[in-house]
Amino acid sequence: MTIMERPDERRALEILKAAFPEKYSQAILLDKPDIQNPEENIGVEVTQALKESVLKALDLNEKLIQNEQDIKAAIEDKYGKGFLSVRLPLPDNETKK
């Protein structure tokens with residue numbers, strides 16, 4: 001069976017490889033978890049929780065948003081192309097800018 005690759009999973013893998021090459025240089029995209037490196041006994045499941053919280057905070061229709069380009073276009077359509085600053089609550093009730 002062929003595994004369908006999602007762009008957000010590919011991007012997550014690229015970020016992990018750049019940020020932590022010693023752990024993720026040999027990691028590959030699979031399913032459940034999405035990113036796996038059996039040599040290091042590492043598995044990462046990619047979720048869209050942050051994307052959904054950003055869309056909610058910006059009052060954007062998440063059903064029409066499929067990728068980062070859609071998010072950028074929706075923000076520019078609604079708020080313009082200037083600087084946008086938002087405070088988002090994290091699951092542990094901290095705030096990240």
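Which residue in S3 is the bridge partner of Ile-35? The legends below answer this question and describe the surroundings of that pair.

This is a predicted model, in which local features need pLDDT of at least 70 and side-chain atom pairs count only at pLDDT 80 or more, while totals for chains, interfaces and linings use all residues. Residues are numbered from 1 along each chain as its sequence is written, and side-chain values use heavy atoms, with hydrogens and water left out.

**View 1. The sheet and the pair formed by Ile-35.** Val-44 in S3 is the bridge partner of Ile-35. Strands (E, at least two residues) and helices (H or I, at least four residues) are DSSP runs, numbered from the N terminus. Two strands pair if DSSP finds at least two bridges between them; S2 and S3 are joined by three bridges in the antiparallel sense. The open sheet has three strands in the order S1-S2-S3, with antiparallel pairing. S1 and S3 stand at the edges and have a single partner strand each, so one side of each lacks a neighbour in the sheet.

**View 2. Asn-37 in strand S2.** Asn-37 belongs to strand S2. Is Asn-37 buried or exposed? Its relative accessible area is 2%, and Asn-37 is therefore buried (buried means under 20% relative accessible area, exposed over 50%, and partly exposed in between, with a 1.4 Å probe and protein chains only). Contact means heavy atoms within 4.5 Å. Leaving aside residues up to four places away in sequence, Asn-37 touches Lys-23, Tyr-24, Gln-26, Ala-27 and Ile-42.

View 3. Helix H1 comprises the 13 residues 7-19. The expected span of a helix is 1.5 Å times one less than its number of residues. For H1 this should be 18 Å, and the end C-alpha atoms are 18 Å apart, which agrees. Within H1, the residues Glu-9, Ala-12, Leu-13 and Leu-16 are buried. These four cover an arc of only 100° around the axis, so they lie on the same side of H1; the arc is that of the directions from the helix axis to the C-beta atoms. Exposed residues Pro-7 and Ala-18 are carried by the face of H1 turned away from its buried side. The cover over the buried residues of H1 includes helix H2 (21-24) and the strands S1 (28-29), S2 (35-37) and S3 (42-44).

**View 4. The nonpolar cores.** A nonpolar core is a set of buried Ala, Val, Leu, Ile, Met, Phe, Trp, Tyr and Cys residues joined through side-chain atoms within 4.5 Å. In soluble globular proteins, nonpolar side chains tend to be buried together. The largest nonpolar core here has nine residues, namely Ala-12, Leu-13, Leu-16, Tyr-24, Ala-27, Leu-29, Ile-35, Ile-42 and Val-46. H1 gives the most to this core, with three residues. Apart from this core lies another, of seven residues, including Leu-55, Leu-58, Ile-65 and Ile-71. In the largest core, Ala-12 touches Ile-35 and Val-46, not counting residues up to four places away in sequence.

**View 5. Lys-17 and its neighbours.** Lys-17 is placed in helix H1. With 32% relative accessibility, Lys-17 counts as partly exposed. Lys-17 touches Tyr-24, Ser-25 and Ala-27, not counting residues up to four places away in sequence. The C-alpha atoms of Lys-17 and Ala-27 are separated by 7.9 Å, and the two residues are 10 residues apart along the chain.

**View 6. Salt bridges.** A salt bridge is a side-chain nitrogen of Lys or Arg within 4 Å of a carboxyl oxygen of Asp or Glu. By this rule there are three salt bridges. One joins the side chains of Arg-6 and Asp-8 (2.5 Å, N to O). Arg-6 is partly exposed at 33% relative accessibility, and Asp-8 is partly exposed with a relative accessible area of 25%. Glu-9 also forms a salt bridge with Arg-6, with the closest N and O atoms 3.2 Å apart; Glu-9 is buried, at a relative accessible area of 5%. Arg-11 and Glu-14 meet in a salt bridge of their side chains (3.7 Å, N to O). Arg-11 and Glu-14 are three residues apart in helix H1, and therefore about one helical turn separates them. Salt bridges that share partners join Arg-6, Asp-8 and Glu-9 into one network.
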